[in-house]
Amino acid sequence: MTPGARIAAAISVLDQVLAGMPAEQALLRWSRGSRFAGSGDRAKLRDLVFGALRQRDSLAALGGSLDGRGLMIGHARRNDLPIADLFSGEGHSPGPLTEAEAAHVPPTDLPDDLPDWIRPRWHASLGDQAGQVAAAMADRAPVWLRVNPQRCDPNSAMEQLAAEDIPTRAADDLPTALKVLGNERAVARSGLYRDGGIELQDLSPQLACAALPLRPDDRVLDYCAGGGGKTLALAARQPKARYEAHDALPARMGDLPERAERAGVPVRILRKPEGTYDLVVADVPCSGTGTWRRTPDAKWRLTQDQLVRLTEVQAQILDQVAPMVRVGGHLAYMTCSVLDDENGDQLRAFLARHPGFALQQQQTWTPQTASDGFYLAVLVRGD
């Protein structure tokens with residue numbers, strides 16, 4: 001596909017997303033209807049679409065309209081691309097700019113690419129960092145890997161990945177976390193990945209898992225396990241503890257047994273947890289505001305009512321797991337959100353309802369301090 005043809009395809013996909021279709025679904029529909037496109041074309045189209053969604057409002061201001069065409073004109077202007085060549089009307093390229101499009105003068109101050117209703121919450125939650133974090137969310141997220149020390153050490157992992165043309169570097173404060181510096185899409189095809197030596201996992205949750213209290217004889221429950229990434233991260237760190245995973249939708253854990261076997265760590269899958277635990281991890285359903293670089297269309301689909309419902313579910317989960325923590329044990333509350341509604345406010349409300357718990361530590365990570373936005377609170381049960 002020519003660059004102009006990719007722009008035209010992006011316009012088509014973006015118009016569907018702006019009409020309400022999830023981005024992944026719109027991209028899949030385009031791919032199924034465009035068998036001529038190779039893997040490289042599909043990857044570049046995905047980058048165009050996701051990049052436009054991350055910067056939706058500012059690109060619309062640059063392009064002159066909030067539709068697929070306006071976003072792609074804005075993309076070309078922001079990146080100093082040859083608009084006349086991309087919008088030539090030749091072949092499969094979109095038509096030339098109209099007089100109005102060519103004459104459009106963008107505003108001096110571009111929007112910050114945040115939904116209007118969430119902006120006050122964003123600034124109240126992040127304070128002086130609010131602007132920087134919003135700007136970071138408009139860029140593509142880096143790919144991070146977690147080295148499984150049960151399979152290899154970080155230096156060996158970097159050497160093996162380099163041999164497959166996947167350059168990496170270790171995080172300064174967590175050597176088992178590797179940032180991929182190029183050829184990211186080759187990771188899932190690497191021998192090290194197939195053999196369980198590495199897992200895809202963002203730096204922020206890796207740091208959160210590394211901060212949890214964990215001993216060899218602990219019984220650990222991952223209550224909202226999903227795919228089991230945090231279970232595997234903890235098991236790789238302390239393989240002698242006993243790990244159990246639960247999720248309200250068990251299908252989410254469908255790949256966990258295979259991943260655990262590949263990683264060389266035993267994990268028991270539960271439909272209903274029983275008894276008490278030394279450590280309960282509750283990575284609850286949340287708004288995902290911390291992951292907007294990876295799922296940018298979610299930024300524009302989230303509503304205020306949905307946020308309220310999510311905070312209600314979070315409170316219910318915390319109340320459910322509180323009795324599962326043994327006296328002297330720990331409860332780790334996690335979200336991939338940067339909003340106080342789901343983090344500090346939720347924590348304070350829980351402590352008011354459960355005075356037997358005490359806060360041991362809490363931390364918020366952002367792209368300024370780690371990678372994705374992420375929140376961790378560790379509580380100890382004292383009664």
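Visitor: On what basis are the values given?

Guide: The model is predicted, so local features need pLDDT of at least 70, side-chain atom pairs count only at pLDDT 80 or more, and totals for chains, interfaces and linings use all residues. Residues are numbered from 1 along each chain as its sequence is written, and side-chain values use heavy atoms, with hydrogens and water left out.

Visitor: Which residues of helix α17 are buried?

Guide: Buried means under 20% relative accessible area, exposed over 50%, and partly exposed in between (1.4 Å probe, protein chains only). Helices (H or I, at least four residues) and strands (E, at least two) are DSSP runs, numbered from the N terminus. In α17, residues 344-353, the buried ones are Gly344, Gln346, Leu347 and Phe350. Viewed down the helix axis, they fall within an arc of 160 degrees, so they line one face of α17; the arc is that of the directions from the axis to the C-beta atoms.

Visitor: Which residues have the most contacts inside the largest nonpolar core?

Guide: A nonpolar core is a set of buried Ala, Val, Leu, Ile, Met, Phe, Trp, Tyr and Cys residues joined through side-chain atoms within 4.5 Å. The largest has 33 residues, and Leu212, Leu234, Leu279, Met334 and Leu376 have the most contacts inside it. Elements giving two or more residues to this core include β3, α12, α13, β9 and β11.

Visitor: What lines the second largest pocket?

Guide: Rolling a probe the size of a water molecule over the atoms shows where empty space is left. On a 1 Å grid over the protein atoms alone, a pocket is an open set of points where a 1.4 Å probe fits, with protein on both sides within 12 Å along at least five of seven lines; lining residues have an atom within 4 Å of a point. Among the lining residues here are Arg146, Thr176, Gln206, Leu234 and Arg237. Helix α13 gives the most to the lining, with four residues.

Visitor: Where does Asp80 lie, and is Asp80 buried or exposed?

Guide: Asp80 belongs to the loop between α5 and α6. With a relative accessible area of 71%, Asp80 is exposed. Its phi is near 55 degrees, a positive value in a residue other than glycine.

Visitor: What is the phi of Asn183?

Guide: Phi of Asn183 is near 60 degrees, also positive in a residue other than glycine. Asn183 is in the loop between β3 and α11 and counts as partly exposed, at 35% relative accessibility.
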